[in-house]
Amino acid sequence: MLRLVNRRILLNILSDKQPISRAEIAKISGLNKATISTITGELLKDSCIIEDGLGRTTPIGGKPPTPLRLNSRRFGLFGVDIRADETILALSDFNNRLVARVSFETGANPGVFLTKIGKEITRLRSKHDSFIEFPGIGVSLPGLVDNRSGKFLLSVVLPWRDVPVVQLLEKATGLLVIIDNSARCSALAEIWHGKAQYAHVRDLLYVSVSTGLACGVVIDGGLYRGGNNTAGQFGHIAIDLNGPECRCGQRGCWDIYASDKATIKRYQTMRGGAAKRAPTMRKLMEFVESGDPAAIEAVRETARYLGIGITGLINGLDPEVVVIGGEITKGWGLIEPIIVEETRRSLLAPRSHGVAIRRSAFEVRPSLKGALTLIQNNLLSMPHMG
Ligand SMILES: [Zn+2]
């Protein structure tokens with residue numbers, strides 16, 4: 001794990017600051033020169049990074065440091081972000097630049113739908129044939145995912161059940177497929193590509209606020225997946241035993257009070273007859289922006305519930321950073337003070353004052369970034385890439 005973390009730190013710095021010399025990487029990362037020399041040696045051998053040959057000369061005529069940069073053509077990475085309504089397929093180069101992006105309406109029949117996605121991937125492969133290698137497809141899914149069996153188990157937002165996603169997509173494309181749940185994918189994207197300081201963070205809690213509410217937990221630099229591989233469903237902790245029934249079978253789950261569905265419902269109730277048709281969360285955040293009092297109050301109330309749940313998770317997990325993602329974070333100036341105030345109510349608060357509460361580094365689709373990161377993470381875990 002240490003090796004993976006160090007490689008990730010190094011690639012993060014390279015991606016941010018390239019071209020950059022080994023000495024500068026050492027200064028920024030705090031890693032020692034021997035470690036950097038070993039890792040860059042491995043990455044050079046695998047053609048993942050290249051020496052920017054014609055380095056600048058130094059004014060005193062000494063040997064100039066050879067700058068390094070990522071070899072963007074080394075890998076073409078596929079990411080598929082499946083949501084209840086819309087699916088996005090993307091192809092990224094090894095320098096984290098999107099080369100292609102295609103969106104689809106998510107199909108009700110998973111077999112037919114995944115075959116269609118597979119065909120599109122095959123088409124993109126032949127169109128972008130200058131990549132040295134296509135190491136695989138990362139897939140983010142909105143619900144319970146068992147990435148050991150390769151199956152999407154179930155979801156309260158998408159009516160697919162026990163779908164062998166890995167098997168279907170591998171058959172359709174001939175490429176390696178890795179799947180995970182969207183909140184866990186987003187957590188992975190944060191430590192990989194979030195603000196540069198996250199590269200050093202080893203314990204992070206990601207709270208995904210979407211149609212549902214789910215979390216991704218990074219412990220000691222790696223994703224926590226749990227005994228049955230389904231960890232992170234904190235949205236289904238009951239916070240009110242007398243609350244309304246939840247789709248999961250319990251009553252009064254956190255999800256019912258703090259998901260986008262909850263915010264939209266609250267807004268509709270406040271507007272009474274004026275809002276019979278439910279707005280999308282994107283639309284609702286536009287209402288907030290334009291000063292609609294009902295939208296502002298609905299979002300403020302959700303922020304309180306987010307704060308209550310997050311306080312419990314901070315007390316239980318003691319993360320260094322809590323990252324919140326989703327449309328609601330567009331109103332960060334409105335929700336952040338409320339969430340922070342809630343976390344300070346706890347008697348254990350003096351300890352949680354040190355926890356940084358941030359919004360996701362990715363305003364659009366953190367889970368798509370996460371799907372692409374699944375493949376990068378897998379590549380870097382191997383002794384030799386590709
Ligand atoms: Zn529930």
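Two rings of Phe, Tyr or Trp (its six-membered ring) make a pair if their centres lie within 6.5 Å; planes under 30 degrees apart count as stacked, over 60 as edge-to-face and the rest as tilted. Ring pairs of this kind link F104, F113, F152 and W160 into a cluster. Keep in mind that this is a predicted model, where local features need pLDDT of at least 70, side-chain atom pairs need 80 or more, and totals for chains, interfaces and linings use all residues. Residues are numbered from 1 along each chain as its sequence is written, and side-chain values use heavy atoms, with hydrogens and water left out.

**Aromatic rings**
- The count comes to eight aromatic pairs.
- F78 and F134 are stacked, because their ring centres are 5.6 Å apart and their planes sit at 20 degrees.
- Both F78 and F134 are buried (under 20% relative accessible area; exposed is over 50%, partly exposed in between, with a 1.4 Å probe and protein chains only).
- F104 and F113, in contrast, pair edge-to-face, with 6.3 Å centre to centre and 90 degrees between the planes.
- F104 has 12% relative accessibility, so it counts as buried, and F113 is buried too, at 3%.

**The zinc site**
- H236 (ND1), C246 (SG), C248 (SG) and C253 (SG) coordinate the zinc ion at 2.0 to 2.3 Å (donors are N, O and S atoms within 2.8 Å of the metal, or 3.2 Å for Na, K and Ca; water is not among the atoms, so sites may look incomplete).
- Along the sequence, these donor residues follow the spacing H-x9-C-x1-C-x4-C.
- C246 counts as buried because its relative accessibility is 7%, and C253 does so at 0%.
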